[in-house]
Amino acid sequence: LELSTKCLAPFLCPTILRLSSPNMAEHGPAVTFEPLEDGVFDRTTAVCLGTGRFLRAVLAPALVELGGEVILAQTRGTSFGAYMGARKPSRSYEVDTVLQDGRVLTSQVPVAACGSLGVPAGHSAFMALPRKLPKLRYVGLGLTEAGIVHNGKSILDLAEFLHACFSSGLGAVHPLSLLNTDNMPFNGDAIKSHVHSCDFTQNTSRSEEFQKWMHAHVVFHNTMVDRITSQRAGEPDVPRAEPLPAKALVIEDLSGALPPQLGSVPGVVVRSQPKCLELDIALKLRIANGLHTAMVYAMSLGGLFETDGCIGHPDILAYLEQLFERDIVHVCTELRILRLQATPVFSEWMSRLQHPHFGLGCLFVCQNAMQKMGIRLLPSVRAALGAGERPSEFMTFAIAVMLRFLTPVGDQPRLADQPPVFVGRLDAAGSTAEQASKDWEYTPGLWARPAAGTYEFRDGDGLVPLLLRPLGRPGGCSLAAVTSIASEVLSRLEGFEPRSVQEHKQLASDVAIMLQRMLQGEHAMQLLASLKPQQPLHLQERQLEEAVRQEVDAAEAVDLHTHLFSVGHHGGQTMQYGIDALLTYHYLVSEFLATAHIDPEDFYRLPQREQADLVWHGLFIKASPISEHCRGVLTTLAALGLREEVAARDLEAIRRWYAGQNPDMFNEKMMRLARLRYVVTSHDVFDAQETASCLSPPAAAHRYRGMLALDKLFEGDWSAVCQLLTQVGEPRTLRGVAQLLGRCVAALHPMFLTAATPHDFDYSAAGAADDGSSQEWLLDAPLDPIEGDGPRKLPSHGDLLDLVVLPLCKKAKLPLSLRMGTRRGLCSALRLAGDGVGSAQLASLAQLCRSYPGVKFMATVLSRSDQHEVAVMAGKFQNLHLWGCWWYCNNPSVVSEVTSLRMELLGTGFTFQASSARVHDQLIYKWIHSRALLARALTSKYSELMATGWRLSRGDIRRDVSRLLGGSFEEFVAKRIGD
């Protein structure tokens, strides 16, 4: 991992020292692998040799998410045991994830036991573990390339541990899987070779039998890892990491040793076919690493010393996109892969580059320039030439600026060092006055001196800078001399032959022209700007469908209407997930009961598990699950890696998998599989279960925003409303309702208010009765009848809006979202499943928009027959935003029709979809299905545009997709409108 001074800043903070006696360190339970909870060894499935930060931030949490427990073994020292000892009675360690907005999420990862191999007692206890771990299946390793050597200490420890597993009879049910966390190519193969050939294996008892057992029962997986990880300031035992990349851990599993569910763990990818891991490595080198290499030399010369200096820069990010689209993308042709496999790598890396709290040091990344040119950029040059294309001017610039960086300028006082150290000259001073005023050591022995305008560097054996040295002398060189030297330097790259290959000669000539311009005084960033990297990259029609699908799949969405709660809400009691919750969701219940031979009341009296059994048997066993909600269950289970269980119709196996899920980790998994930035959750203060949390909500959870729901209020159950008002100390009047809602807004900070309006909803005019008189007196009128009094006038929907809801919206500057056309209790015996579809009464919506031009309204309608009218209306009112295909409209045929209609009337000025999910798992299928529909709709519309001669770029598509998946909603919420 390339870590910068910014990433390593926590290392520079004062360290908190934890002191313990030598005896405690040598013999304490946190050193000798004693179980940290009774019975925990019976559930332990993994042992990790190593406690490195990456292993604890990626591998250990992934293994825990599979439903087992993990033991961590520190290979040297006892600091991790001391850290765990200080955390008692907790048996978990912390991992900090730094979000792009600077917030830090701290997760807790449970540990079954820990200890140290660095003390004799710990070593002995570790080797005794296998006979205590009947379910051991995974061995995690934290070996770097330096540790993967013949007879290395960790190799010997691993061999001895595997021998103990062999002696204990492990590996019979499932093979042992060894998973390393280092980027050494084919690390599993190398570790296997060293374990088999090490002195312990060769000299141990039953050596030949042991080696046969390893061949039959141990899989040494090759892996690739990728997550920038440092440490919490002042606490070196707490990993501090960037958000989890999609390929934080890629594992090759050619023998099927790993459970399919591992592939659904966020950040983990399992490759079961040969060459796939090699492809992942190639894509990482050419795209992520290649783009990194292409930018850091120009940035360093220009005084942008941290990679996050690219954020908001007018040219750098555009340059990287040009380089990808015009050069690197040819990797797809060369490796015979779909572009769909390459684009997500690019999109994610561009996002990671723009993390403002994990910038890397540009000069640090600039090290080993010629080696990186040969490994990261030259393959893209060859791929472009192989596709019959000339490398673009942006690839030419990338190579030229590297040679400019490697050109020594001025005095060279350290040429006698081994290897030699050279001095280069910056184009400009540091990016800040503070940085420009001081020198710093960007890697041991090499200094940046911005005030003097110089930097020190090494490169291999030093031959390339020595060849380039004449170019840095006063007076410069002719273009012929620059071309000759540049060709000589580039010919040192394996496979680059400017003397015999015309295309290579031409590239060397192009590089020399740009190099001479920089040597003659043109700054690297000025030269880059002159190339106009912001010029659009237009698509050809044959590229359109694939481009749209990729951009839709890659974009993160905002789900602006859900009923989902985080784990911390009500102690997790309101978080619904799992197969039984999926099967007993009201869509499936109503479908089942429509043809079942069981009375609804009898069905609802059953425990949820028995209800789920009936639905599973009725809709998935006795019939094909072709309805959208049944297909959704199957899509969800497939995405979670449960294809085999589904194929076997094994409901109990699915339940067992769910039983092993950690709620926190499962919650994050849902969000990542659905690719959501955040969800907006409904909070209804008039729902007895939610009253307390509306008035005193828990701390906001990551990826959760709130909306204040008024559904119960608009249903008109005034007796229940009055009871609640008394409970919370408010008068039983509309003024009391207004005061309660004001308290909720102050506590919840919702994004908007929302209400489902019934089929008989009516709003005719603002703030007046039928005779035009004021209705203000209703604010203090009792809402419940008093004994002896005659019937009272209860508030209408108009009264509620005029006297309570809309004044609050104006005061708090919050939109009101109306979900229109609900017919409650169409079949009351079905409870929640018994609601139906009614008219949206859109004349009332139009009247609201006219009467309150300073209030923003959002709307969705339940009936297909209202969709055209509301779409036309959304184009007439600046204070109206249309969103989603709600509830019964969330079916593919309706979504396709409605989306096409809205695009034709509103362009991208609406929000395409919201899930309305009540079960976390539903996020997966609702967004997988919705994205497929959006991609088809956009492709059709773009094809029509291109037929007119309109030219389209990926940037255009990305912008449009972003607007449709939440950007338009956020723009609407943020915009100012006048009264």
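Helix 9 passes helix 12 in a right-handed crossing. This is seen in a predicted model. Helix 9 covers residues 276-301 and helix 12 covers residues 339-353; their axes come within 10 Å and cross at roughly 40°. The two helices are therefore oblique to each other, since an angle counts as roughly parallel under 35 degrees and as roughly perpendicular from 65 to 115.

Which residues of helix 9 and helix 12 make the contact? Helix 9 contributes L279, L283, I287, A288, L291, H292 and M295. From helix 12 come Q341, A342, V345, F346, W349 and L353. Sorted by class, the residues of this contact are 11 nonpolar and 2 polar, with no charged residues.

One residue of this contact can be followed further. M295 lies in helix 9 and has a relative accessibility of 1%, so M295 counts as buried, the limit being under 20%. Apart from neighbours within four places in sequence, M295 is in contact with T307, C310, I316, Y319, L320 and L353.

Is H797 buried or exposed? With a relative accessible area of 17%, H797 is buried, because the limit is under 20%. Leaving out neighbours within four places in sequence, the contacts of H797 are F714, P758, D760, F761 and D762.

The table sets out the two residues.

| Residue | Helix | Relative accessible area |
|---|---|---|
| M295 | helix 9 | 1% |

The protein chain has 39 helices and 25 strands. Its C-alpha trace spans about 105 × 70 × 55 Å along the principal axes. Why does the radius of gyration agree with that of a compact globule? For 979 residues, a compact globule would have a value near 30 Å, and the protein chain has 32 Å, so the two agree.

Note on methods
Residues numbered from 1 in each chain as written. Predicted model: local features only at pLDDT ≥ 70, side-chain atom pairs only at ≥ 80, totals over all residues. Heavy atoms only, no water. Axes fitted to C-alpha atoms, helices over the stretch in contact; angles between N-to-C directions. Helix = DSSP H or I, 4+ residues; strand = E, 2+ residues; numbered from the N terminus. Parallel < 35°, antiparallel > 145°, perpendicular 65-115°, else oblique. Left-handed = near helix turned anticlockwise from the far one by under 90°. Contact = heavy atoms within 4.5 Å. Nonpolar A, V, L, I, M, F, W, Y, C, P; charged D, E, K, R; others polar. Rg over C-alpha atoms; globule rule 2.2 N^0.38 Å. Buried < 20%, exposed > 50% of the residue type's maximum accessible area, 1.4 Å probe, protein only.
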